[in-house]
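Please walk through the model shown below, with attention to how its parts meet one another.

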Number of protein chains: 2
Amino acid sequence: MLDQTLEHIDAHRPKFEGDLMALLRIPSVSADPAFKGDVRRAADWLRDHLVKLGLTVHLIETNGHPIVYAESPPVPGAPVALVYGHYDVQPPDPLDEWQTPPFEPDVRDGKVFARGATDDKGQMLTHVKSIEAWLATAGKLPLQVKLLIEGEEEVGSEHLGDFLKENVERLACDCVVVSDTSQFAPGVPAITYGLRGIAYFELKLIGPKQDLHSGVFGGGVANPANALAKMLGALVDADGRVTIPGFYDDVADLTERERQEFAALPFDEAAFKSQLGVEHLAGEKGFSTIERRWARPTLDINGLTSGYQGAGAKTVLPAKATAKLSCRLVPNQDPHKVAAGLKKRLEELLPPGIKMKLVEHHGAPGVVFPLDSPYLQAAAVAVEKGFGRRPVFIREGGSIPIVNTFASLLNADVLLLGWGQNDDNPHSPNEKFSLDDFHRGTRASAALWQELAAIKK
Amino acid sequence: MLDQTLEHIDAHRPKFEGDLMALLRIPSVSADPAFKGDVRRAADWLRDHLVKLGLTVHLIETNGHPIVYAESPPVPGAPVALVYGHYDVQPPDPLDEWQTPPFEPDVRDGKVFARGATDDKGQMLTHVKSIEAWLATAGKLPLQVKLLIEGEEEVGSEHLGDFLKENVERLACDCVVVSDTSQFAPGVPAITYGLRGIAYFELKLIGPKQDLHSGVFGGGVANPANALAKMLGALVDADGRVTIPGFYDDVADLTERERQEFAALPFDEAAFKSQLGVEHLAGEKGFSTIERRWARPTLDINGLTSGYQGAGAKTVLPAKATAKLSCRLVPNQDPHKVAAGLKKRLEELLPPGIKMKLVEHHGAPGVVFPLDSPYLQAAAVAVEKGFGRRPVFIREGGSIPIVNTFASLLNADVLLLGWGQNDDNPHSPNEKFSLDDFHRGTRASAALWQELAAIKK
């Protein structure tokens, strides 16, 4: 059965690519109210498209842009898969850096250049097209697939959380499929099975009640900028280890298998340094660069503000000094526990004459799905069928808050199956997506339905 | 002779105050081109006033505002005194915080409220009026007095330095008299015999070539904001001592006499804390607050900039981080030696993966005039005659670059005879000057000419 479906996909490349172009032509920029009508037009396009396939489709209104929700019929005994994606796109600015207009898709060298090509219209549509191929060849899907395609991902998914909470039963599933990330490298497909979490803070130190003359008062009163430097400087030691008490207590160590697989990845450290423009990489002692970025917690200062920041010299002793800082977390660190530890540590470090205020901005735990999960294993087989090469298992350093929400609310493994490339420019000018990757992704998606269906519930 | 002169001053209070009001009515704001004509009007007023006294007067053009220069005849065998002051004023903004208009002098409770009242028209004019009184009573001054009154002090004395360098012979003198500071407290006149110097720097740390996502890259690459905190945090130790190598090598220690005199000053630490709004004072261990502010070197961060500084959270790993920092110096520290030490120390502290750039902004050494200088002793006697109380000898934490220039270029002791009060609001709304202090300052100035004239050359 799958062979026929894959053949159908191969035979309909031009049609499927044409459908992608049609969707890419709709400038569904969710951030800009001027494009509100276009965002709805994209939702309508998608709804009509899914209706034509024969799915049950709902255009769900929110206080922002609508959610497109579709379902195929239940298949008793088989698991349920929920596809999450988004039809909205980033603003295209700066426009003059685009080689061709962002909403007039142009194919060059086998890649389609357009805003939304990879993020996420192209990747999301692979799952729609694989369903189309299954229905055209087998007349039905081997498992129930639910599609949840929102229009506000690029503006923080403001209305999605409430929808999820209110629709837990409707969305019930065994695994969530998200294609909105990248392969590890060209020709190296990947499944992302882990993400870091985050705990974000703002630290404000307050000294004298107003800025003072550093000559008249310097040496007489504590300087909050000096205090900030000293306190922040003490939060990470010379080995790159975070000195918050208990910070590493709950850290899930990398397994030997993970360390071996990461070490085997084709990661070119020299190219990475050159990409970043640095002569040396740095971080926690005892771990490789990939390990440090994907699977070890950090403490990074994200912003510093104090005193005089203009040109030249001003002899001010600042009244206050502020830092934004955040920890990337790994399983099983608890953001609130980290916040409490940080507060305690900062209070220890706080010098006399300075008051502090620590604001906890947002937090999310890290997440790792077990490598031996049958869903992950099924996905690996499917990706190999689509891409002709077994995927590598990777983790990511960033957080995707919606993944945590899915995992906790629906109690489902989330399969992050990225069809893109690292240089696809998702939030930059000249965003692109390889049409080969679009095709291979569609094949992998088609295979995924079969592999998942074979898992006994 | 002096008695008659002092009597003349007492008898002519209303006239002298009237002259002060006339000068205060001229809005000689040097910073604002809209007031250019008014600045010249003040210079003209002063020139005409000095001509009327019988002095030789020159209005010297510069590329900015003119310098008023006047001389009384040489007195063989007596020293020469040079009075330095300025006729320009700070901008009066914010205007709506003034109780009465800044250029309509208003007398309340014995104080005249106007922009320039204390800084420096009122204080400067005491020396003009004392000369007037000497000439009216004795027909001549007991020593030669030179008056150098500039119009650009509030905008950095841009054209004064060149004038000084080109007129070293014309300005030759034994001591320089400057009245542009404050008494120690109400009823406690003071002579400032020492100032701190300064060495001001900008430190820029450069990491990756552009801002990075702190999730994707955090832990993989050195963060310049983290590096800045760690490096700056290490520049001052837990005892408040600066860790720049050799920093304290040349520091002139406080003498036992100075420590005793400072300790005897009526300094209210509780009031000082309350003025600053802090619960604790802080600084180098082993020294009193006055000692730390006046006579010990410091390292203060004046500004910090890095990464995201807006509202909320942005998960950026900044490409660069910058600090403004400065050391207050005391005799005999050399700003360039301090700069070299700082550079060395920062290079030691610089972590791999970060590049640094250290810009040396400006520097000036500290200065102390010997307490046993005959000019200082003469001034003390004169101040006592004017104020009815022997002055305290104090130092100041700030720098007055022109004092260094006078001291080095003219090889003269500089007498900082401040007639103002600490709460005179020199750069703020409702600037004021006590008319009693104006009167007492004029008497002290008259006595000063006699005391200085008695010093055998």
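K355(A) forms a salt bridge with E279(B), the closest N and O atoms being 3.9 Å apart, where a salt bridge is defined as a side-chain nitrogen of Lys or Arg within 4 Å of a carboxyl oxygen of Asp or Glu. Between chain A and chain B the count is two salt bridges. This is a predicted model, in which local features need pLDDT of at least 70 and side-chain atom pairs count only at pLDDT 80 or more, while totals for chains, interfaces and linings use all residues. Residues are numbered from 1 along each chain as its sequence is written, chains are lettered from A and ligands numbered from 1 in the order in which they are written, and side-chain values use heavy atoms, with hydrogens and water left out.

The contact (heavy atoms within 4.5 Å) takes 74 residues from chain A and 74 residues from chain B. About 5300 Å² is buried between the two chains, with 52% of that area given by carbon and sulfur atoms; buried area here is the accessible area, taken with a 1.4 Å probe, that two parts lose on being put together, summed over both.

On the side of chain A that touches chain B, strand 11 (residues 300-307) of chain A gives the most, with eight residues; helices (H or I, at least four residues) and strands (E, at least two) are DSSP runs, numbered from the N terminus. Strand 11 of chain A pairs in the antiparallel sense with strand 11 (residues 300-307) of chain B, over five bridges, pairing being assigned if DSSP finds at least two bridges between two strands. Within this pairing, S306(A) stands opposite L304(B).

Strand 5 (residues 111-113) of chain B pairs with strand 18 of chain B over three bridges, and F113(B) stands opposite K432(B).

Over all chains, a search of the whole structure finds 62 salt bridges. One of these joins D44(A) and R47(A), whose closest N and O atoms are 3.6 Å apart, and both residues lie in helix 3 (residues 36-53) of chain A, three residues apart, about one turn of the helix.
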